Amino acid sequence: MNETDTMTIGAMARASGLTTSALRFYDDSGVLPPAWVDPATGYRYYAGDQVERAVAIRRLREIDMPLAAVTAVLDGDPDSAQHALDEHVRTMRERADVAAAVAREFGAGAPGTPVHAAELREAIGQVISAAASGHEIPILHGVLFECRDGELSLTATDRYRLATRTLAVPRGHSEWSAVAELDSLRAVTAWLTGDRIVRIGSAEAVIRFADSAGEATCDTVSEATCDTVAGTYPDYRAMLAALPTARTHVVVERAALRRALDTEGPLPLAASDGTLTAGPTTLAAVVRGEPIALHANPETLSAAVESAVGPEVMLDLTAPDQPMTVRSATDGDLMTLVMPVRPDRAAGPT
């Protein structure tokens, strides 16, 4: 098989409604590997008959179904699949109601890109801690918003940590980017409440958030604005592209890992043979790749795990002196880079 018989990852993303980052996540976790990978470039190519499975994965993940349950529904016997689905019927109906509201708002033709207020507030909370707290480098005292090609991405970095979150949004809106000033953005998050749709856009040195209904409620005004920071944001995509290929992918239950990180001092991590050992705790995990051992600052890693999306996380591990990546994917995706530490140091990177 070659690329002439398949579609690119971008085409697969458009056909399935998954983001390209989510497709990479599902490849690395073994749930949806591509039909063919170009050995020279590493580009992923998908067969047309994989679209149905990709759409099914997206729909199941939209209701927070764990990867193991997703696999059981798609690959298991009909009885176990139906049982797992029955457990989620009420939640699926609720999600369908919200999706219908998005479709109605999108069809209304109001300006700005529609997004769930609660999801946007969550995404801001997941990346904002990685932004620089001081003003020594003004552009880093903010969060980069980028809207393009059906994705709204939020990125923050203080040069030592980096977090980026992507939300799927309707296509067809104008592309824009702006850096939201950190203190102003924190004030806006108080406005992003309730199960409602807001529209977001950038103009005149502000990011504008507007209630799709265009009306005030008892708790909110109909619009909020966020100051922006002038300047050029660091090319974080080039930095991510330069990261070495992960040797090992580990999928583990997020809550269990978070409990294991409730400790102090450098914490040894070791992945092999279907387990992740975090200090004295051994966790069941899906491990793909080579056995690997390193040390982490439990406080730093815990913050990344705590802000992750969905019931499990994936750890991309390369070497004891290379950044580990904490990844997750549900409605969108979230990625946080965390540096390992030396065994004799609680805070400093290797």
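This is a predicted model: local features need pLDDT of at least 70, side-chain atom pairs count only at pLDDT 80 or more; totals for chains, interfaces and linings use all residues.
**Cores and rings: a short tour**

Residues are numbered from 1 along each chain as its sequence is written, and side-chain values use heavy atoms, leaving out hydrogens and water.

How many aromatic pairs does a search of the whole structure find? It finds 2, counting Phe, Tyr and Trp rings (for Trp, the six-membered ring) whose centres lie within 6.5 Å. Phe25 and Tyr26 form an edge-to-face pair, 5.4 Å centre to centre with 90° between the planes; edge-to-face means over 60 degrees, stacked under 30, and tilted the rest. Trp36 and Tyr45 make a tilted pair, at 5.3 Å and 40°, and both of these residues are buried.

Now for the nonpolar cores, sets of buried Ala, Val, Leu, Ile, Met, Phe, Trp, Tyr and Cys residues joined through side-chain atoms within 4.5 Å. The largest has 34 residues, and Leu120 and Phe145 touch the most other members. Helix H7, residues 117-127, gives this core its largest share, 5 residues; helices here are DSSP runs of H or I, at least four residues, numbered from the N terminus. A second, separate core of 26 residues includes Ala256, Ala260, Val313 and Met324.

Methods:
Buried means under 20% relative accessible area, exposed over 50%, partly exposed in between (1.4 Å probe, protein chains only). Helices (H or I, at least four residues) and strands (E, at least two) are DSSP runs, numbered from the N terminus.
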